Amino acid sequence: MQTEQKAPAPEFTGNAKQKELAGRLFRVFEARGRFFSNTAPIRLTLSQLAEFMQQQEPDGGDWAKQIDTALSASSNVYLREEEDGEVVFVTTRSGQTPGNGPQVDQSHTLGKRFATPEPKRSIPQTRRATSSRSTPSIVDSPMTPTEPSISRTYPIADESPFVVVPTTLPTFVERPVEDEPEVAAPVEPIPVSPIDFEPVAAPAAASASPSAAIDVATADDEQIAEAIRESLGQEISVARWGDLWMMEDRAQRFSRGDLRRIEDFLREQGGIATDEDIVQDILGVRSNAPEYATTRFALNYRLSRETREFEYVGTSTDGVWSLSNQPSIGTTRRKPSEIGQDYRFLLDYRTPDEGLEEGIIEHILSFYEYTYGVLPLDANLATLLPSAGFADQRAARLTFESPQTGETIVTELRFPTSNRGGFIAGLEQFYADNLVPGAVLTIERTDKPNHFLLEYFQVSGEDRKLLHLDERKGKYAFRSTTYYCATQDDFLLTEGRFPKLADVKPLDDRARRRPEQVVQATFERVGENIGSADLAIYSASFSDLLAAANVERPISAEYLRDILTSGTYPEFSADESSEDVYIYQPAS
Amino acid sequence: MTLNDSDLMYLLTLLRSSEQPMSTAQLIEALKERNRS
């Protein structure tokens, strides 16, 4: 049985006070070099040590002088050096001065015997080595351990004067490959950079947190939950899936064989499977087994680290896994990233409408949504949709069931990022078969968090000339259309209402990215010129602008109103003489 | 918004002693219970 090897305590010399001080400071060196090898030098400047002691015992007198004397007295433990006029003390975790530790005979090491002469062989690149996972993995390039980041200090109820507990593991960076010498060079001591000590005993350590700490006594549940997510989310030792937390080292690990079997299973299942199926069918844990919940958690957490092979497309409560690099669901006419950019404004409008019915929302389909088969993840829809299982999750698989048509549509919920809005993609065929822009939809939650009812009101057939995009000509055109869904007239793009949209070319992408340019173009397309032929001034109602602007890009009513009235764009103004009518005066 | 160090340490200790994953709601309840006692 292997047991922990405890190095004997170093013997300090000098008088009793000097020995005691040297001993106390040795623990500082130990903490500083807790990830170092026993013989690697640990360097701390006299000023750092004095500052530390000053914080511990402010009334202790001239600490620099006392430390210098005390550590110099124990010259068998501490090596005193001067660098750039500053006194530096160096020791090792073994309590020996660097280079004075027990000499190890390295003439016949296993590594040398394998590497001398260097065998001619190529090491096959393993899947693990090429994995793009975010956690440190073993790669066959030179690695240099860097400074363990000491992100937090915790007060520990202990007699010892200080405890420094790093909460993050050492990070590894890849060193550029240099010309390696034929014979392996001796390992260079790790350069040590100065650190700032924080007084640990004082509760002020909490102030190191970048954001304000909450008071559990006064905060509400949502605030506490947010603080838990924020704080535990930063702890690398804590694993998370959805709303569940567990210590990372307690989460079961899976062998490469297990992962391969899961990959094969997903392939057999058409590229997608639930975590429950994987746990029961591949890992052999039945749903009534005591370890079922833990295994399910571990599966979701561990697979989330294997981003090269697997992608999580479940929600915070329902685990669903697909193989990586599966074709994404949704239109091919516009890239998902571009649609996300179009919906970027949603990030600024996060307050749902008041008086929403629980579990159901109504939505009017815009021309843009109809064309690309999307639904915006706006504040209203967000009240229904499940949250992501992982912070960096790209998408979730959702199904929509249409009671009218009896079909179930598989869609993809694209989660918002810091600069892209969220949306649901994959509805273009359903829209084309059953709806027209301006249709009234209801989306209703079911008892399954990733399954929804998508309903529309069926009506007897209506014939209208409605706007279409003629992709062959690259122009908008009006076509006679018969539809059987209830619509909201404000959003219906009929020829009688917007005759000037006929034969108009869509805006180019540069203009579409600028909402104010889209609004300008919309005024010109649907507004009335109340100026002159030489100096045009356009007037248009808000409802006309909203319906027609959404032909080019998504613009919500709130966003459009902000563009028209915020004053950011002085070319737009409200028409004081008419209700909800706006004026656009192009810059001359 | 974050937890103070004492609450965070408490939750870490709680998680360390638990063999099952714990939900955020359970952790909230644990923090409140600790605050009450």
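Phe310(A) has Leu323(A) as its bridge partner in β10(A). Helices (H or I, at least four residues) and strands (E, at least two) are DSSP runs, numbered from the N terminus. What you're looking at is a predicted model, where local features need pLDDT of at least 70 and side-chain atom pairs count only at pLDDT 80 or more, while totals for chains, interfaces and linings use all residues. Residues are numbered from 1 along each chain as its sequence is written, chains are lettered from A and ligands numbered from 1 in the order in which they are written, and side-chain values use heavy atoms, with hydrogens and water left out.

**The sheet within chain A**

- Three strands make an open sheet here: the order is β8-β10-β9 in chain A, and the pairing is antiparallel (two strands pair if DSSP finds at least two bridges between them).
- β8 (272-274) and β9 (310-312) of chain A sit at the edges with a single partner strand each, so one side of each has no neighbour in the sheet.
- On average, neighbouring strands of this sheet are turned by 30° against each other, direction ignored.
- β9(A) runs antiparallel to β10(A) (residues 320-323), and 3 bridges hold the pairing.
- Helix α8 (residues 275-282) of chain A packs on this sheet, touching β8 and β10 of chain A, and its direction makes about 80° with that of β8(A). Axes are lines fitted to C-alpha atoms, for helices over the stretch in contact, and angles run from 0 to 180 degrees between N-to-C directions.
- Helix α9 (residues 292-304) of chain A packs on the sheet as well, touching β9 and β10 of chain A at about 35° to the direction of β10(A).

- An open sheet of 3 strands crosses the chains in the order β6(A)-β7(A)-β1(B), with antiparallel pairing.
- Its edge strands are β6 (238-241) of chain A and β1 of chain B, each pairing on one side only.
- 2 bridges link β7(A) (residues 244-247) to β1(B), and these strands run antiparallel.
- In β1(B), Ser23(B) is the bridge partner of Leu244(A), and Met22(B) stands opposite Trp245(A).
- α1(B) lies across β6 and β7 of chain A together with β1 of chain B, at about 75° to β7(A).

**The interface**

- 34 residues of chain A and 24 of chain B take part in the contact (heavy atoms within 4.5 Å).
- The two chains bury about 2800 Å² between them, 64% of it on carbon and sulfur atoms; that's the accessible area (1.4 Å probe) that two parts lose on being put together, summed over both.
- In chain B, Met1(B), Thr2(B) and Asp5(B) lose the most area to chain A, together 27% of what that side buries.
- There are 9 residue pairs in polar contact across the interface, both residues at pLDDT 80 or more. A polar contact is a pair of N or O atoms within 3.5 Å; within protein, one must be able to donate a hydrogen and the other to accept it, and residues adjacent in sequence count only if both atoms are side-chain atoms.
- On the side of chain B that touches chain A, α1 (5-16), β1 (22-23) and α2 (24-36) each supply at least two residues, and α1(B) gives the largest share with 8 residues.

**Salt bridges**

- Between chain B and chain A the count is 1 salt bridge (a side-chain nitrogen of Lys or Arg within 4 Å of a carboxyl oxygen of Asp or Glu).
- Lys32(B) and Asp221(A) meet in a salt bridge at 2.6 Å, N to O.
- Over all chains, the structure holds 36 salt bridges.
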